[in-house]
Amino acid sequence: MPEPMSPVSFPSTFLWGAATSAYQIEGAVREDGRTPSIWDTFAHTPGKTAGGDHGDVAVDHYHRYRDDVALMSGLGLGAYRFSISWSRVQPTGRGPAVQRGLDFYRRLVDELLAKDIKPAVTLYHWDLPQELEDAGGWPERDTAYRFAEYAQIVGEALGDRVEQWITLNEPWCSAFLGYGSGVHAPGRTEPVATLRASHHLNLAHGLGAKALRSVMPARNTVALSLNSSTVRPLTQDAADLAAARKIDDLANGIFHGPILHGAYPESLFTATRQLTDWSYVQDGDLATINQPLDALGLNYYTPALVSAAGPDHSGPRADGHGTSEHSPWPAADDVLFHQPPGDRTAMGWSIDPTGLYDLIMRYEREVPGLPLYITENGAAYDDKPDPDGRVHDPERIAYLHGHLAEVRRAIADGADVRGYFLWSLLDNFEWAYGYEKRFGAVYVDYTTLERTPKSSAHWYGKAARTGTLPEVDEVF
Ligand code: FCB
């Protein structure tokens, strides 16, 4: 007889949340003074997104936020991570705030608090005001100062009722996909701009964290969300280990080096020396970037598998969020990316929950004692309603179960993981893939915008309410 599985239970204080971002769900792009962000411009440029999809309406969360909060409350979620649209709050990316824009977020936060759902605010989830890109974007130093001003405005407006703050979401994607491979806004393909953008995003984080703390109650926490990669070498050969090390620097060390330890990895400087002398790192920057953090957010979907490129191969292409003839990785033509083994999601991303465990334990070692949150994790599948109108998504349930069980294992092994935010609450605009890829626990009919919780939403809701993972085959 098989042994009955022991139930996977979490600490009672564990936070069970869901995550979204502004451009992916809000719509209402021309309302209440909002101006275009780089994602409006990019999505409206022919050929940049699947089917020419854009976020003009998205899932109309701007008008339906009350229903969406009610959905979360009905499921029993304890936290909601959302982002603020910078150009709704500061249409030109500088100067005074537009109160109507801020009022939307005040109403949203009040609604969440009334339903006992903890808000977690991300200040920047990739939607730079277009005017700031016109002035040079993230490769320009001034953008970091503009971000600090914006952070202060939002901190002043919401700091009295939002305790959890995240400065940046996945700066790797902003820099490497926005300025390297060009599959994300603003669609530039300039290797040096990628590295300059990375430094200025780091600086923005540091200045932004300081600005938030200068205006907010001391009880509030400041973090950032990294999509730090679990980079695995194809073999233990020295050349493959060196390839993995190089990608680890470019994916992870370039951000966590200065942010957590106050220094860029020397090996990153060496690897990129032929492209840049890094003279945009000015005196004092590293101290500014290395602000004390209250927590670290980790976003995880799939690991990376790399090797040294043989003489007949050139150039890595894999970047997860789209394909381009331009590599996102500067100075890494000698590295090859491989499809990791195993099943894949509809994104083509291989499913490997142990990658999440490895990632958590890595940061537990890098920054012992720093609380960790999984600020994104989830999967896209080709979900369709049954004739009875229900949406069954057993693959997503299996994905969530597998990953949450690894989070639990990491906690048992001593990691201080305080919460988990499922990506995503709702099906939404998945960047270059438009509405083709459905990541939601809640299904959205894009004709009527009607919401239907999938079976995974019920499964996850039960986990949130009980603190214990239901079996994968429990029927909802
Ligand atoms: C992350 C992004 C999020 C979504 C998921 C699938 O990289 O932060 O907006 O696109 O991937």
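W278 sits in the loop between helix 11 (266-272) and helix 12 (285-289); helices (H or I, at least four residues) and strands (E, at least two) are DSSP runs numbered from the N terminus. W278 is not a glycine, yet has a positive phi of about 60°. Its relative accessibility is 6%, so W278 counts as buried (under 20% relative accessible area, with exposed over 50% and partly exposed in between, for a 1.4 Å probe and protein chains only).

A331 also has a positive phi of about 60° without being a glycine. A331 lies in the loop between strand 8 (304-308) and strand 9 (335-338), and its 18% relative accessibility makes it buried.

## Basis of the values

This is a predicted model, in which local features need pLDDT of at least 70 and side-chain atom pairs count only at pLDDT 80 or more, while totals for chains, interfaces and linings use all residues. Residues are numbered from 1 along each chain as its sequence is written, and side-chain values use heavy atoms, with hydrogens and water left out.

The peptide bond from A185 to P186 is cis, with omega near 5°; P186 belongs to the loop between helix 8 and helix 9. A cis bond also runs from W423 to S424, with omega near 10°, and S424 is in the loop between strand 11 and strand 12.

W423 is one of the contacts of S21, along with S83, H125 and W431, leaving aside neighbours within four places in sequence (contact: heavy atoms within 4.5 Å). S21 is placed in the loop between strand 1 and helix 1 (22-25) and counts as buried at 1% relative accessibility.

## Helix 8 against helix 9

Helix 8 (residues 171-181) and helix 9 (residues 191-215) pack at about 155°, with axes 8 Å apart. Axes are lines fitted to C-alpha atoms, for helices over the stretch in contact, and angles run from 0 to 180 degrees between N-to-C directions. The two helices are therefore roughly antiparallel (over 145 degrees; under 35 is roughly parallel, 65 to 115 roughly perpendicular, the rest oblique).

P171, S174, A175, F176, Y179 and G180 of helix 8 meet A193, T194, A197, S198 and L201 of helix 9.

## Helix 15

Helix 15 (residues 455-466) has 12 residues and spans 17 Å from first to last C-alpha, close to the expected 16 Å (1.5 Å times one less than the number of residues). Among its buried residues are W459, Y460 and G461. Their cover includes strand 1 (15-19), helix 3 (61-75) and helix 14 (394-412). Just after helix 15, G467 takes a positive phi of about 75°.
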